[in-house]
Amino acid sequence: MHPKRICFVSNNVYAALAQTSVPLMGGAELQQAIIGRCLQKNGHEVSFATTVFDGRRDDEIIDGMKIYKTFDSEDGLPGLRLLHPRLTKLWQTLKKADADIYYQRCADRVTGICELFCRRYGRTFVHSGAHDSDFSPRPDLRMRERIPYQWGLRRADLVLVQSEQQKRLLKQNYGKDGYVLPNVYPKRSLTTCEGYVLWVGSMRDFRRPMHCLEIAKRFPNVKFIMIGGPGNRGTAIYDQVHLEAKNLPNVECLGFQTLEVTERYFDGASLLLNTSSVEGFPNTYLQAWSRGIPTVGFFDPDNMIAKNDFGRVVSEVSEFGDWLDSLRNAPLDQRQRIQVGFENQFTPQRYVDGFIDLLDQLDQPSTADSSLGMNCAR
């Protein structure tokens, strides 16, 4: 194996790499931290380009990985900070990292900046999707975000997607091939307790947290715990959920919690509830399946829940019935089967093996394009 020098470019990933007081970390950041650590353990040289958190401006090393700082979100003058320091500092940091491969996830203008940098200096640019909507035309993005994102996406050397659905959307909307590498998570201890129903995620429109409250009303004898802060577009839904939950004695809303605390709540859960209408590949599913916890979801990427019997898929709140208790109290052998199914498909090492295979093929110009079209989630 020839070691790779890989730099992950992610504004908010620092919260997934180190303890910080800033309540900000999404699934995309968590995935990059997990993958980066696994690559490092496999002998590759891993670095991260990320923004300043808690005033920690100096570069540092975490778990053997170099962490390069770009800018603080408050740096610069309003109206001008987009160009300087955000663009200039990012460009300087990419040069400092001096990687062979630059990996960037999520729909963002940074996608275009990374592609332009890699084109300028002859490096490999890898873009990874984080949500099904990343591969739609994205009319919701402001032009200053949408144009550089779509430009970078179309010209990336390699585009990774989380599911066959995302692969179809990428081909349909951008005429580009994607390569499936599902999200991953470390193995956890099997959960056997008959505990509460857990809902986890930032409270945004597409996650429909109010559905959780409607379901809780149908099952007053079942405890529901909700974890998640407000979305990045305001607190209206978050405030509404917390207000209505006060009238439901079987619902506890905890707001944003660190990953460490959230993990402890997974350890005590008997069932995971996901009410999203659309997602990418939810980390919460993997957090549950790694422990053998069944899942009830309104969203099922590539029919993973249905075809692996990881729980149940529903489309309406009215579909909830007596089966909820039997699933919540799933026997030990069913939980063991869910955990084994997780280990066969979603461990970090499987992702890293598939990722390195794809990078090696990019280094071989004689390799036929058709061979790159494989699904690496093997």
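**Strand S6 and strand S7, parallel neighbours joined by three bridges.** The model is predicted: local features need pLDDT of at least 70 and side-chain atom pairs count only at pLDDT 80 or more, whereas totals for chains, interfaces and linings use all residues. Residues are numbered from 1 along each chain as its sequence is written, and side-chain values use heavy atoms, with hydrogens and water left out. Helices (H or I, at least four residues) and strands (E, at least two) are DSSP runs, numbered from the N terminus. S6 spans residues 124-128 and S7 residues 158-161. Within this pair, histidine 127 stands opposite valine 159 of S7. Helix H6 packs on the sheet and touches S7 and S8, its direction making about 140 degrees with that of S7. Helix H14 (residues 348-362) also packs on the sheet, where it touches strand S1 (5-9), strand S5 (101-105), S6, S7 and S8; the direction of H14 makes about 160 degrees with that of S7. Angles run from 0 to 180 degrees between N-to-C directions, and axes are lines fitted to C-alpha atoms, for helices over the stretch in contact. Contact means heavy atoms within 4.5 Å.

**The open sheet of eight strands, with mixed pairing.** The strand order is S3-S4-S2-S1-S5-S6-S7-S8. Strand S3 (60-62) and strand S8 (179-180) are the edge strands, each pairing on one side only. Two strands pair if DSSP finds at least two bridges between them.

**Glutamine 104 in strand S5.** This residue is buried, with a relative accessible area of 1%; buried means under 20% relative accessible area, exposed over 50% and partly exposed in between, using a 1.4 Å probe and protein chains only. Leaving aside neighbours within four places in sequence, glutamine 104 is in contact with Val9, Val110, Thr111, Cys114, Phe125, Val126, His127 and Ser128. Arginine 86 is 18 residues away from glutamine 104 along the chain, and their C-alpha atoms are separated by 16 Å.

**Glutamine 166 in helix H6.** The relative accessible area of glutamine 166 is 0%, so the residue is buried.

**Helix H4 crossing helix H5.** The axes of H4 (residues 109-121) and H5 come within 6 Å and cross at roughly 45 degrees. H4 is therefore oblique to H5; angles under 35 degrees count as roughly parallel, over 145 as roughly antiparallel, 65 to 115 as roughly perpendicular and the rest as oblique. The crossing is left-handed, a term used if the near helix is turned anticlockwise from the far one by less than a right angle, and right-handed if clockwise. H4 contributes Arg109, Thr111, Gly112, Glu115, Leu116 and Arg119 to the contact. From H5 come Arg144, Glu145, Pro148, Tyr149, Trp151, Gly152, Leu153 and Arg155. By class, this contact has five nonpolar, three polar and six charged residues. Ala, Val, Leu, Ile, Met, Phe, Trp, Tyr, Cys and Pro count as nonpolar, Asp, Glu, Lys and Arg as charged, and the others, Gly among them, as polar.

**Helix H5 packed against helix H6.** H5 (residues 143-155) and H6 (residues 164-174) have axes 12 Å apart and pack at an angle of about 105 degrees. H5 is therefore roughly perpendicular to H6. The contact is formed by Tyr149, Gln150, Leu153 and Arg154 on H5, and by Leu170, Asn173 and Tyr174 on H6. Four of these residues are nonpolar, two are polar and one is charged.

**The open sheet of six strands, with parallel pairing.** The strands follow the order S11-S10-S9-S12-S13-S14. Strand S11 (251-253) and strand S14 (311-313) form the edges, each pairing on one side only. From one strand to the next the twist averages 20 degrees.

**Strand S9 between strands S10 and S12.** Five of the five residues of S9 are buried, so this strand is largely enclosed by the rest of the structure. S9 pairs with S10 in the parallel sense over four bridges, and leucine 198 stands opposite isoleucine 225 in S10. S9 (residues 196-200) also pairs with S12 (residues 269-274) in the parallel sense, over three bridges. Here valine 197 stands opposite leucine 271 in S12. Helix H7 (residues 209-218) packs on the sheet, touching S9, S10 (224-227), S11 and S12, and its direction makes about 170 degrees with that of S10.

**The buried residues of helix H7.** These are Pro209, Met210, Cys212, Leu213, Ile215 and Ala216. Their cover includes S9, S10, helix H8 (236-245), S11 and S12.
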